[in-house]
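Subject: Structure handover, with interface notes

Hello,

Here is the structure for your files. My notes on the interfaces follow below it.

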Protein chains: 2
Amino acid sequence: MAGAWRTAARPKNAHQSQLLRLLRDDGPRSRAELGDVLRMSRSELAADIDRLIALGLVEPAAARGGRRIVRLSPSLRFVGIDIGATSIDVAVTSGDLEILGHRALPYDVRHGPRAVLETALEMLGKLRSEGVASEIHGAGIGVPGPVSFCDGKAVAPPIMPGWCGFPIRETMSQELGCPVLVDNDVNVMALGELTAGLARSNDFLFVKIGTGIGCGIVVGGSVYRGRSGCAGDIGHIRVDDSGPLCACGHTGCLEAYFGGAALARDATAAARADRSRFLAERLAANGELTAADVTDAVAAGDATAVRMVREGGRHVGRVLADLVIFFNPGLVVIAGGVAGLGHTLLAEIRGVVHRRSPAPATANLPIVLSELGDAAGVIGGARLISDHVFSSGSRGWT
Amino acid sequence: MAGAWRTAARPKNAHQSQLLRLLRDDGPRSRAELGDVLRMSRSELAADIDRLIALGLVEPAAARGGRRIVRLSPSLRFVGIDIGATSIDVAVTSGDLEILGHRALPYDVRHGPRAVLETALEMLGKLRSEGVASEIHGAGIGVPGPVSFCDGKAVAPPIMPGWCGFPIRETMSQELGCPVLVDNDVNVMALGELTAGLARSNDFLFVKIGTGIGCGIVVGGSVYRGRSGCAGDIGHIRVDDSGPLCACGHTGCLEAYFGGAALARDATAAARADRSRFLAERLAANGELTAADVTDAVAAGDATAVRMVREGGRHVGRVLADLVIFFNPGLVVIAGGVAGLGHTLLAEIRGVVHRRSPAPATANLPIVLSELGDAAGVIGGARLISDHVFSSGSRGWT
């Protein structure tokens, strides 16, 4: 079964591809509507639909009022796998990317690729045993580090020891017997936002502030990865030449000013210098401080913590202001663990961007917090692979 | 004739559109090759080619060794019109965007839209009378100011008094009886670079340093304009909050540091403060200084002028370093009058970008001077409209 899929079940041309995406994004449609939207004659459309039915991707649904309805095959199943630094999320979706089952597990990515991917496969096995999927038509995987998208491998990922060069896509394709794509987690989450989140624009920026800071760039509804796949690596934009040392070896990178690691560092310094009673007590109790402690301190109204977050928001805002002028996005979405700082952070970012970017770029520009939480990564993974499976762009699945 | 064109002669679907672009960019091809590249059966391809022949867009050429060759119709003609601050360029191209005739005239854009567009039409009339075109299949126009691309009008253009809101596209469509598109000159020149210049990448930045500074962003071979059409307005990225006042009302914009206007201002100050003998003499002789005087001073080895250009290059380089991290382009092209400063400027920009951007984004990143000169705008205009005429994306031509 898997073998047959590998070579056959892809749309053959651009029309079939458009047709599948239309049914995925807008739901079942009548043949008359499809012909109108795709600007195809009845006979051309019939030939394409017949082929997609033969492939098992599409099926005729009950006629409504004489209209002959077409829909995606209800047996289509995509898988999204979101590998985080300390967690694995696995979900199965329908062809139109509704989540049919979702499992989450705390798991350290430092256990290495074999252990992590085996665990993900076990989680998927449990979902399948619950009956949400039999055949799987594709899987999209996000990992917390730089990825060579066309190779399906992580490239020198700083927080993923043992993963560099491991053939993630190839391994998972063989295990699952279906097409697999692997991308950086921020890019995958941006696609999740596009699919199920607040993104009503096809051109937007998805800024994830976690331990580090990265940006997913969506252009015309697709992720823009740049020439060598590292577009959006905004954590290393230089805020100030004489700023703090960054893990990358340069000084003054945005990430060295803000993000989870920088917040933990600054919180520890503030606690030790007795500038925050809240943080000093937390440090005494736990022996170390994390970004989550800063979030708690802000919630408790600690003035030093609030000032740290405001300063960080100003740095992020300055970088985003420049990117908004350059990219003129329709929306900016802020996500990631540090986004848990919520409106204190958001207000600062909004203020700086609107103050520094000229009016045409920022007029009506929404800057919002993501509301998808853990679902962004798995929905994005399913979206990534469905875009691929529904495309006619390349032969086969590698 | 024009009327028939307006409603009929557009490709009907994505395949026909792909086919036309392939013939434009790669030249005549055999039916067998086209079927392979477009992944179409012989009968599907034959139907599409028949339709394009009937529309007069394509024609069969002499068979070569039994291969049935297809080519763009040799009677296809596109027009590129490049309206500068003080010049008009008009060219006629073949369907594959070779320039068949080109005229240039010094003309001040401040004469207003009617006088400028009438002059451009006269220039085109002369080219037609020389026999380079009878029917015209589309015209692309670049203007030196912000444009609402979907309206075909300039929007509050600072150096184009009388143009704001004037229906450029509508007026020229009616005069020419063919599809017309209007865009900002930097975007149009970027397309010219993509078509006939150094751009071997489909994802690149085209930075024009003239009186002001703007950037054309090319993604996947098309201009990315952003949500409200002002993407790439990088002259107003803030270099330093406490910098010089910009024409836009903010302080410290890149344009307030560098570009033709800033150079003229700084050169005048240097001359008056006796920091440059060359510039002081030029000021005494002419009563004013322009960026061209700075270019001459650099060529003469004037230390103050060289320092001004190096400092300006550093500012441009800092902004570009951030954009290179964000966008990870395959190429950066520098153009515009100030690019006449050549390698003094280029060396400074290259040095800063490579020093400040992490290795993956800048490894093998070429930063080059455009070599197209005045041809960039007219070839880009022809490319812009041919992309439109060859697309099936919208019904009709508005």
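**Domain 2 against domain 3, chain A**

Two residue pairs, both at pLDDT 80 or more, are in polar contact across the interface of domain 2 of chain A and domain 3 of chain A; a polar contact is a pair of N or O atoms within 3.5 Å, where within protein one must be able to donate a hydrogen and the other to accept it, and residues adjacent in sequence count only if both atoms are side-chain atoms. Helix H7 (residues 185-196) of chain A provides the largest share of the domain 2 side that touches domain 3, five residues; helices (H or I, at least four residues) and strands (E, at least two) are DSSP runs, numbered from the N terminus. By class, that side has five nonpolar, one polar and two charged residues, with Ala, Val, Leu, Ile, Met, Phe, Trp, Tyr, Cys and Pro counted as nonpolar, Asp, Glu, Lys and Arg as charged, and the others, Gly among them, as polar.

This is a predicted model, in which local features need pLDDT of at least 70, side-chain atom pairs count only at pLDDT 80 or more, and totals for chains, interfaces and linings use all residues. Residues are numbered from 1 along each chain as its sequence is written, chains are lettered from A and ligands numbered from 1 in the order in which they are written, and side-chain values use heavy atoms, with hydrogens and water left out.

The rule finds two salt bridges across this domain interface (a side-chain nitrogen of Lys or Arg within 4 Å of a carboxyl oxygen of Asp or Glu). A:Asp185 and A:Lys208 form a salt bridge through their side chains, at 2.9 Å, N to O.

Domains 2 and 3 of chain A bury about 790 Å² between them, 64% of it on carbon and sulfur atoms; buried area is the accessible area (1.4 Å probe) that two parts lose on being put together, summed over both. Of the area that domain 2 buries here, 59% comes from A:Val186, A:Asn187 and A:Ala190, more than from any other three residues.

**Chain A against chain B**

Chains A and B bury about 4100 Å² between them, 50% of it on carbon and sulfur atoms. On the chain A side, A:Arg39, A:Arg227 and A:Phe326 lose the most area to chain B, together 22% of what that side buries.

There are two salt bridges across the chain interface, and the side chains of A:Asp241 and B:Arg356 meet in a salt bridge at 2.8 Å, N to O.

Regards
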